[in-house]
Amino acid sequence: SAGACLSGVPPANASHDSNNPIPNFLCRQQQFRSIITCAPSRRPVGGGLLDLTSSLAALGISASPATVQTTTTMTPASAAVAIQSRTFASKRFHRKKIIKAAKGYRGQANRNFRAAIKRVERARQNAYRDRRLRRREFRKLWIQRLNAGVRQHGVRYSRFINMLNGSEVRLDRKILSELAMHEPFSFKAVVDVVKSRSLDPQQKSMSD
């Protein structure tokens with residue numbers, strides 16, 4: 001048990017010959033190993049370490065509580081570092097992946113890892129930014145095409161969007177701009193439907 005290991009009692013098969021120092025040293029080494037292995041993994045800061053230190057002192061081994069704590073326990077940070085350490089194969093795979101992503105770059109950036117990783121990181125940053133800019137630019141283009149299409153039917157863009165939100169027509173700006181460009185008759189029918197559904201009852205009766 002842990003109490004028997006911490007009591008400093010030598011094993012039954014250990015010999016205590018004062019003339020031969022080697023068996024005594026082996027006995028102390030075996031007792032030290034039994035104390036370390038039988039000690040609980042989570043010890044309190046107070047009594048557990050003091051008991052371990054006193055047991056080591058009984059064996060003739062001088063050790064401070066800080067030394068015992070650092071030798072017997074492993075902090076979570078050191079364990080995480082030990083787990084997250086990369087092997088040579090993972091480093092090589094990472095380098096090959098970066099070099100593959102830098103294919104076609106000018107100069108040493110397509111074969112030198114130090115130059116390639118800078119270029120690849122910058123390219124990924126620009127791609128992240130431009131994916132959002134592309135959506136903005138396409139929305140602007142759809143609005144311009146839709147504005148030009150609805151003005152041919154006597155309606156401004158802002159007025160048409162207001163009427164479109166009030167009607168039950170579920171078409172977005174992309175589809176409407178494509179209709180205005182490639183299907184003008186279909187777009188005219190959509191505009192007429194939006195106009196008719198946006199009129200209130202008085203305007204409908206006056207138009208009838």
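Buried means under 20% relative accessible area, exposed means over 50%, and partly exposed lies in between, with a 1.4 Å probe and protein chains only. This is a predicted model: local features need pLDDT of at least 70, side-chain atom pairs count only at pLDDT 80 or more, and totals for chains, interfaces and linings use all residues. Residues are numbered from 1 along each chain as its sequence is written, and side-chain values use heavy atoms, with hydrogens and water left out.

Q: What percentage of the 208 residues of the protein chain count as buried?
A: The share is 20%.

Q: Why is Ser-177 called buried?
A: Its relative accessibility is 0%. The limit is under 20%. Ser-177 therefore counts as buried.

Q: How do you know whether Gly-149 is buried or exposed?
A: Gly-149 has a relative accessible area of 7%. That value falls under 20%, so Gly-149 is buried.

Q: Where do Gly-149 and Ser-177 sit?
A: Gly-149 is in helix α7. Ser-177 belongs to helix α9, residues 173-182. Helices are DSSP runs of H or I with at least four residues, strands are E runs of at least two, and both are numbered from the N terminus.

Q: How many helices and strands does the protein chain have?
A: There are eleven helices and zero strands. Of the contacts with a separation of 6 or more, 39% join residues 24 or more positions apart.

Q: What makes Arg-129 and Asp-130 a salt bridge?
A: A salt bridge needs a side-chain nitrogen of Lys or Arg within 4 Å of a carboxyl oxygen of Asp or Glu. Here the N to O distance is 3.1 Å, so the pair qualifies. Arg-129 is partly exposed at 44%, and Asp-130 is partly exposed at 34%. The structure holds four salt bridges.

Q: How do you know that Glu-137 and Lys-140 meet in a salt bridge?
A: Their N to O distance is 4.0 Å. The cut-off is within 4 Å, so the pair is counted. Glu-137 and Lys-140 are separated by about one helical turn because they are three residues apart in helix α7.

Q: Why are Asp-192 and Lys-188 about one helical turn apart?
A: They are four residues apart in helix α10, residues 184-198. Asp-192 is partly exposed at 37%. Lys-188 is partly exposed at 40%.

Q: What makes the group with Arg-86 and Lys-91 a patch of positive charge?
A: Lys and Arg count as positive, Asp and Glu as negative, while His and the chain ends are not counted. Patch residues have over 30% relative accessible area and no salt bridge, and like charges are joined within 9 Å. Arg-86, Lys-91, Arg-95, Lys-97, Arg-114, Lys-118 and Arg-124 gather in this patch on the surface. Helices α6 (88-101) and α7 (113-151) each supply at least two of its residues.

Q: Why does Arg-95 count as partly exposed?
A: Arg-95, in helix α6, has 45% relative accessibility. That lies between 20% and 50%, so Arg-95 is partly exposed.

Note on methods. Patch = residues over 30% accessible without salt bridge, like charges linked within 9 Å, V, L, I, M, F, W, Y side chains within 5 Å. Areas by Shrake-Rupley, 256 points an atom, 1.4 Å probe, with all protein chains shown as cover. Charge placed at Lys NZ, Arg CZ, Asp CG, Glu CD. Contact = heavy atoms within 4.5 Å.
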